[in-house]
Every structure is written in C-alpha cells, then in structure tokens.
Amino acid sequence: MKMFFSMVVFGLCVTMMPSLHAEEAEGVLCGGWQIQPQLNADSLDIFQKGAVSVKEYRLKPISYATQVVAGLNYCFLCTAEPKKKGNWGSYAVLNLYVNLQGKVEMTGFRLIPLQVE
C-alpha cells in the first residue's frame with residue numbers, strides 16, 4: 001500500500017508541478033522528483049508550516065517527494081478531512097517550496113475527489 005501511495009505522489013508531482021530541465025549526474029536525476037522512503041521529523045516540520053495555509057481542511061501527510069531547485073520543492077500526498085461537518089473526506093496534494101533561507105511557501109493545493117456511487 002505504501003508503494004502505491006508513493007507511485008501516486010510521484011505521478012501527481014510530475015503532472016502538477018512545472019518541470020525544470022533534468023540531467024543525469026552520477027546516478028542522480030538532477031532537477032527530477034525523488035520519492036522519499038518515509039516521512040521524517042524535517043519533512044513533518046515543513047509540512048506543518050505549509051499546511052497552515054489550507055484553512056478548509058485538516059491535512060495528514062501520507063507520502064512525499066522532493067525536487068532540488070534553487071531551494072527544495074516538496075509534494076505531499078495527504079488525507080484531507082473537511083473542517084465543515086457533513087462533507088466527505090478526500091485525498092489532496094500539497095505542494096510546498098522551501099527557499100535557501102528555509103522559508104516555507106505553499107505553491108499549490110489540489111483535492112483528489114473520491115467518487116462515491
């Protein structure tokens with residue numbers, strides 16, 4: 001299941017974020033997205049700083065990927081629980097940018113609607 005979510009994060013990152021020119025250098029894809037094996041204290045801290053920008057939902061990170069730029073892009077796959085009662089929960093993608101000074105900025109947020117039949 002974790003691998004499935006990691007693949008979803010990678011696919012969403014690639015399709016939802018503008019790409020930079022990626023070059024292969026010593027086995028590392030420079031400018032490309034890297035799926036991270038697990039959430040850690042640093043990624044959770046960055047997530048919390050960026051998630052405060054989303055007012056309508058309570059977000060909980062599931063998996064994430066990073067991209068080295070002039071700073072670092074983060075793409076988090078999250079569960080999104082609406083703060084308003086009566087609405088359905090969903091999944092979401094939260095895109096964050098951390099500049100070279102460590103300031104976190106939200107660059108994108110998109111719900112992934114769950115279709116209930």
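Author: First a term: helices (H or I, at least four residues) and strands (E, at least two) are DSSP runs, numbered from the N terminus. The model is a predicted one, where local features need pLDDT of at least 70, side-chain atom pairs count only at pLDDT 80 or more, and totals for chains, interfaces and linings use all residues. Residues are numbered from 1 along each chain as its sequence is written, and side-chain values use heavy atoms, with hydrogens and water left out.

Reader: How many helices and strands are in the protein?

Author: There are 2 helices and 7 strands, in the order α-β-β-β-α-β-β-β-β.

Reader: Which residues have the most contacts inside the largest nonpolar core?

Author: Phe-47, Leu-59, Tyr-74, Phe-76, Leu-94 and Leu-96, in a core of 16 residues. Helix 2 (41–51), strand 4 (57–69), strand 5 (71–82) and strand 6 (90–98) each give two or more residues to this core. A nonpolar core here is a set of buried Ala, Val, Leu, Ile, Met, Phe, Trp, Tyr and Cys residues joined through side-chain atoms within 4.5 Å. Buried means under 20% relative accessible area, exposed over 50%, partly exposed in between (1.4 Å probe, protein chains only).

Reader: Switching to Thr-79: buried or partly exposed?

Author: Thr-79 counts as partly exposed because its relative accessibility is 29%. Thr-79 lies in strand 5.

Reader: What is the C-alpha separation of Thr-79 and Leu-59?

Author: 5.6 Å, with the two 20 residues apart along the chain.

Reader: And how much of the protein is buried?

Author: Of its 117 residues, 37% count as buried.
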